[in-house]
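The stops below can be selected in order.

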Amino acid sequence: MNKQVTPNFKAVIFDLDGVVTKTAVTHMKAWKKIFDSFLQEKAVEENKPYREFTQSDYLQHVDGKPRYKGVASFLESRNIHLPWGTPDDAPSEKTVCGLGNRKNQAFLEILKREGAEVYPSTKKMLYDLQDAGIGLGVASSSKNCKAILEAVGLLSIFGARVDGMVSAELNLKGKPAPDIFIKACEMLQAEPSHSIVVEDAVSGVQAGANGKFGLTLGIARQQNADELRQNGADYVISDFKEIDGVAHLNELFLKFRRK
């Protein structure tokens, strides 16, 4: 890294799944498992055609959102109505919370079986930013964020972590509200206008734009670059390999930052 670079931004807030770790695929597998099972049962009960849960459903209704909100959003898209229930509902309960808990159970089973991986280019950027004295935060809807970061050895690099557990404790609104990103900035003593959000989900780039961050950087892991741009991403890449170090990231910040 060019040691002469003095970045104009003070903090970078990263989403976790699909940005730092390759667990977005794990989430999609878990959601598909529980929703397909639920939809098959419902089709038999109502003697109606079965329509599977698709990647498009995941990206449009579930990706990046808090778990129960994702369940509710998808069910609404299929005109299915279930009682909300409570977070203590058993995974077998036919409630929004029950389905959400069933999904988390499936996610943890897949994670235990397959493990978690880090995107190498994101890891390199994290250490380059750390070397440049930039505050690093992670903002995720996942309640498994801490466990995943511990598993891949990256928990200590983040000076701020605002995840599903923290959001519940502080009663923060989920994406597309900017609350979790703004809270991470507060913890790093940085203003949103002098910070960067890095997101792969539509709801995440919407949150970055809603929070008036200096730069909202989209990562199109699902061939969804246009959708990310249309929903608030100032600049879109497919991987951090396209960013040539901190100096290049600073150029993008200066080019796109909101005045």
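Helices here are DSSP runs of H or I with at least four residues, numbered from the N terminus. The model is a predicted one.

**Stop 1: the largest pocket**

Select Lys65, Pro66, Arg67, Ser141 and Ser142, which are the closest to the centre of the largest pocket among the 31 residues lining it. The space in this pocket comes to about 560 Å³. What is the make-up of the lining of the largest pocket by class? Nine of its residues are nonpolar, 11 are polar and 11 are charged.

**Stop 2: helix H1 and its end**

Keep H1 in view. This helix has 24 residues, and from its first C-alpha to its last it reaches 34 Å, close to the 34 Å expected at 1.5 Å a residue. Step past H1 to asparagine 47, which follows the helix and sits in the loop between H1 and H2. Most residues other than glycine have a negative phi.

**Stop 3: H1 against H2**

Two packed helices are described by the angle between their axes and the distance between the axes. For H1 and H2, the angle is about 105° and the axes are 10 Å apart. Angles of 65 to 115 degrees count as roughly perpendicular, so H1 is roughly perpendicular to H2. To see the contact, show Ala24, His27, Met28, Trp31 and Phe35 on H1 together with Gln55, Tyr58 and Val62 on H2. By class, the residues of this contact are six nonpolar, two polar and no charged.

**Stop 4: the second largest pocket**

Which residues line the second largest pocket? Select Leu39, Lys42, Ala43, Glu46, Lys48, Pro49, Tyr50, Arg51, Arg78, Asn79, Ile80 and His81. The volume of this pocket is about 270 Å³. Its lining splits into five nonpolar, two polar and five charged residues.

**Stop 5: H5 against H11**

Move to helix H5 (residues 120-131) and helix H11 (residues 245-256), whose axes cross at roughly 85° and come within 9 Å. That angle makes H5 roughly perpendicular to H11. Display Met125, Asp128 and Leu129 from H5, which meet Gly245, Val246 and Leu249 from H11. Four of the residues in this contact are nonpolar, one is polar and one is charged.

**Stop 6: a cis peptide bond**

Finish at lysine 175 and proline 176. The peptide bond joining lysine 175 and proline 176 is cis, with omega about 15°. Most peptide bonds are trans. To place proline 176 in the fold, look in the loop between H7 and helix H8 (179-187).

Note on methods. Residues numbered from 1 in each chain as written. Predicted model: local features only at pLDDT ≥ 70, side-chain atom pairs only at ≥ 80, totals over all residues. Heavy atoms only, no water. 1 Å grid on protein atoms, 1.4 Å probe; cavity = no way out; pocket = protein on both sides within 12 Å on 5 of 7 lines; lining within 4 Å. Points joined across faces, edges and corners; volume = space filled by probe spheres on them. Nonpolar A, V, L, I, M, F, W, Y, C, P; charged D, E, K, R; others polar. Axes fitted to C-alpha atoms, helices over the stretch in contact; angles between N-to-C directions. Helix = DSSP H or I, 4+ residues; strand = E, 2+ residues; numbered from the N terminus. Parallel < 35°, antiparallel > 145°, perpendicular 65-115°, else oblique. Contact = heavy atoms within 4.5 Å. Expected span 1.5 Å × (residues − 1).
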